[in-house]
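Q: I'm new to this one, could you walk me through it?
A: Gladly, let us look at it together.

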Amino acid sequence: MTHPALDMRGITVRFGGILALNEVNLSLAPGSVHALIGPNGAGKTTLVSVLSGERRPNQGTVSLNGRDISGLSALRRARLGLTRTYQLTALFQGLSLRENLLLSLVARDQPSLSALDIFRRRDKARHAAEVEDFLNRFALRDKAGEKPASLSHGDRRRLEIAMALASGPEVLLLDEPLAGLSTSDAEALVRTINEGIRGRIPILLIEHDMDAVFQLSDEITVMVNGTVLANGKPDEIRASPEVQAAYLSEEDDF
Ligand SMILES: Nc1ncnc2c1ncn2[C@@H]1O[C@H](COP(=O)(O)OP(=O)(O)OP(=O)(O)O)[C@@H](O)[C@H]1O
């Protein structure tokens with residue numbers, strides 16, 4: 001039997017008198033891109049913190065590939081492959097992009113190694129083809145010899161996602177990946193996600209840019225006031241009168 005990559009069931013979170021999440025269900029199919037959208041205060045951030053293990057819900061369960069991970073810490077969940085994008089601070093600033101990607105691949109293949117051992121045991125020849133593949137897929141080949149600090153905003157964002165992917169996740173959580181990017185950088189990142197990642201790994205996408213959401217998603221869950229208002233394929237969500245009334249009609253770019 002194929003399990004969902006991620007399955008959140010009956011998630012309820014209360015902050016004092018505020019019901020931030022009310023029995024929310026969300027299921028991410030293997031290999032799919034699933035967007036979570038909703039207006040400010042809908043509960044997206046709270047649901048992501050329950051998923052990552054930073055917040056314990058009052059009720060509900062979380063499963064990863066059929067395994068109940070509700071009782072596990074954020075660190076244990078990350079080790080099982082529930083991966084958020086790296087921040088650049090997590091990279092080796094003194095090393096080139098190519099070397100940083102190499103280190104992620106070594107760490108993926110030998111997860112028990114310390115950072116120092118990963119550094120010592122890196123074997124360029126062994127991972128050369130895979131490193132080049134990442135550089136190409138993420139449009140970073142021209143910058144391969146540069147240090148992370150010298151990158152433009154758009155290049156950095158693509159590197160952060162490439163590094164997350166190189167670490168071999170089971171599920172990738174992209175939390176507002178387009179935030180703060182210029183229109184051309186945002187378009188480049190949407191292309192990269194579509195051409196370089198989609199289908200290889202399940203992605204949960206939280207994003208305010210509706211054009212990008214409709215271009216990237218296989219499935220969309222719409223939350224309003226802590227509940228799931230609608231769930232379905234992009235065309236169904238676009239056509240839903242409830243979604244139009246409650247949310248999308250307010251979006252200029254829809
Ligand atoms: N630590 C907290 N203490 C009290 N209330 C909170 C806390 N965090 C969130 N809330 C409330 O829970 C509800 C859901 O908030 P949440 O931040 O999850 O929404 P969101 O969909 O992520 O919004 P945004 O798009 O603005 O980030 C809101 O009513 C918010 O005010």
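The chat below goes through the overall chain, then its sheets, then the ligand.

Q: What kind of model is this, to start with?
A: It is a predicted model, so everything that follows should be read with that in mind.

Q: How many helices and strands does the chain have?
A: The chain has 10 helices and 10 strands. Its radius of gyration is 19 Å, close to the 18 Å that the globule rule gives for 254 residues, so the chain is as compact as a globular protein of that length.

Q: What box do the C-alpha atoms fill?
A: Taken along the principal axes, the C-alpha atoms of the chain fill a box of roughly 55 × 40 × 35 Å.

Q: And what share of the residues is buried?
A: Buried residues make up 37% of the 254 residues in the chain. As for contacts with a separation of 6 or more, 65% of them are between residues 24 or more positions apart.

Q: How many bridges pair β1 with β2?
A: Strand β1 (residues 6–15) and β2 pair over seven bridges in the antiparallel sense, and R14 stands opposite L19 in β2.

Q: Which strands are joined to β8, and do they run parallel or antiparallel to it?
A: Strand β3 (residues 33–37) is joined by four bridges to strand β8 (residues 203–206), and the two run parallel; here V33 stands opposite I203 in β8. Strand β7 (residues 171–175) is also joined to β8 by four bridges, again running parallel, and L174 stands opposite L205 in β8.

Q: Which helix makes a unit with β7 and β8?
A: That is helix α7 (residues 183–197), which together with β7 and β8 makes a right-handed β-α-β unit.

Q: Now the ligand: which residues are around it?
A: The residues around the ligand are F15, I18, A20, G38, N40, G41, A42, G43, K44, T45 and T46. Two or more residues of this shell come from each of the elements β2 (18–28) and α1 (44–52).

Q: Which element gives the most?
A: The most comes from α1, which gives three residues to the shell around the ligand.

Q: And by class, what is the shell made of?
A: The shell around the ligand has four nonpolar, six polar and one charged residues.

How values were computed:
Residues are numbered from 1 along each chain as its sequence is written. This is a predicted model: local features need pLDDT of at least 70, side-chain atom pairs count only at pLDDT 80 or more; totals for chains, interfaces and linings use all residues. A residue is near a molecule or strand if its C-beta atom, placed from the backbone, lies within 6 Å of it. Ala, Val, Leu, Ile, Met, Phe, Trp, Tyr, Cys and Pro count as nonpolar, Asp, Glu, Lys and Arg as charged, and the others, Gly among them, as polar. The radius of gyration is taken over C-alpha atoms; the globule rule is 2.2 Å times the number of residues to the power 0.38. A residue is buried if 20 or more other C-beta atoms lie within 10 Å of its own, exposed if 12 or fewer, and partly exposed in between; C-beta atoms are placed from the backbone. Two residues are in contact if their C-beta atoms, placed from the backbone, lie within 7 Å. Two strands pair if DSSP finds at least two bridges between them. A crossover is right-handed if, with the strands pointing away from the viewer, the path from the first strand over the helix to the second runs clockwise.
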